[in-house]
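Subject: Structure for you, with notes on what it shows

Dear colleague,

Here is the structure I promised to pass on to you, together with its sequence. Please have it open beside this message as you read.

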Amino acid sequence: VMEVIRQAVELGQQNDTAFATQIMEAVVEEFPGLAIGHSYLGWILSRCGRHREAIEQGRVAVQMEPESERISLLLFRALWGAGERNEALNEMKRFTAIGHSDEYSRMLEEWEKIAEA
């Protein structure tokens, strides 16, 4: 399953989002309890501009695996891309209250540098 997800992610990165979406929808249908499947489906939907659906998938994934940094980051990105900045920051706060994230730490450092400039 992870190899199929990797292929869908690669397609998404190459902007073949229609095929990537089909693949990920099939993964989620076959494995509805697989949080990472919902999460990457959300990421691909976000790249297609289907933000509401992307956020829904991301939230399902976070409910399944609330301690996963990757899943939290993918929801954060879907929220941020949809212009839901406060919700994105709330997700960052939620995750960093329960675990460490190098990626969130990097973002915060960059934002501090910008604020100081």
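Predicted model: local features only at pLDDT ≥ 70, side-chain atom pairs only at ≥ 80, totals over all residues.

Residues are numbered from 1 along each chain as its sequence is written, and side-chain values use heavy atoms, with hydrogens and water left out.

The core

The largest nonpolar core has 32 residues, and within it Ile5, Met24, Tyr40 and Tyr104 touch the most other members. At least two residues of this core come from each of the helices α1 (2-13), α2 (17-30), α3 (35-47), α4 (51-64), α5 (69-81), α6 (85-98) and α7 (102-116). A nonpolar core here is a set of buried Ala, Val, Leu, Ile, Met, Phe, Trp, Tyr and Cys residues joined through side-chain atoms within 4.5 Å. Helices are DSSP runs (H or I, at least four residues), numbered from the N terminus. Buried means under 20% relative accessible area, exposed means over 50%, and partly exposed lies in between (1.4 Å probe, protein chains only).

Ile5 belongs to helix α1, and its relative accessible area of 2% makes it buried. If residues up to four places away in sequence are not counted, Ile5 touches Met24, Val27, Leu34, Ile36, Gly37 and Tyr40, where contact means heavy atoms within 4.5 Å.

The salt bridges

As a general point, side chains of opposite charge can pair when their charged atoms come close. The structure holds nine salt bridges, a salt bridge being a side-chain nitrogen of Lys or Arg within 4 Å of a carboxyl oxygen of Asp or Glu.

One of them joins the side chains of Arg50 and Glu25 (3.9 Å, N to O). This pair links distant parts of the chain, since Arg50 is in the loop between α3 and α4 while Glu25 is in helix α2, 25 residues apart. Both partners are partly exposed, Arg50 at 31% relative accessibility and Glu25 at 36%. Leaving aside neighbours within four places in sequence, Arg50 is in contact with Thr21, Glu25 and Leu45, and its side chain is also joined to that of Glu53 by a polar contact of 2.8 Å. (A polar contact is a pair of N or O atoms within 3.5 Å; within protein, one must be able to donate a hydrogen and the other to accept it, and residues adjacent in sequence count only if both atoms are side-chain atoms.) The C-alpha atoms of Arg50 and Ala82, which are 32 residues apart along the chain, are separated by 8.7 Å.

A salt bridge is also found between the side chains of Glu87 and Arg59 (3.4 Å, N to O). Here too distant parts of the chain are linked, with Glu87 in helix α6 and Arg59 in helix α4, 28 residues apart. Glu87 is partly exposed at 34%, and Arg59 is partly exposed at 37%.

The pair of Glu91 and Arg94 (2.8 Å, N to O) lies within helix α6, where the two residues are three apart, about one turn of the helix. Glu91 counts as buried at 6% relative accessibility, whereas Arg94 is partly exposed at 26%.

Two sites to look at on the outside

Asn15, in the loop between α1 and α2, has a phi near 65°, which is a positive value in a residue other than glycine. Asn15 is exposed, with a relative accessible area of 57%.

Ile114, in helix α7, is likewise exposed, at 62% relative accessibility.

With best wishes
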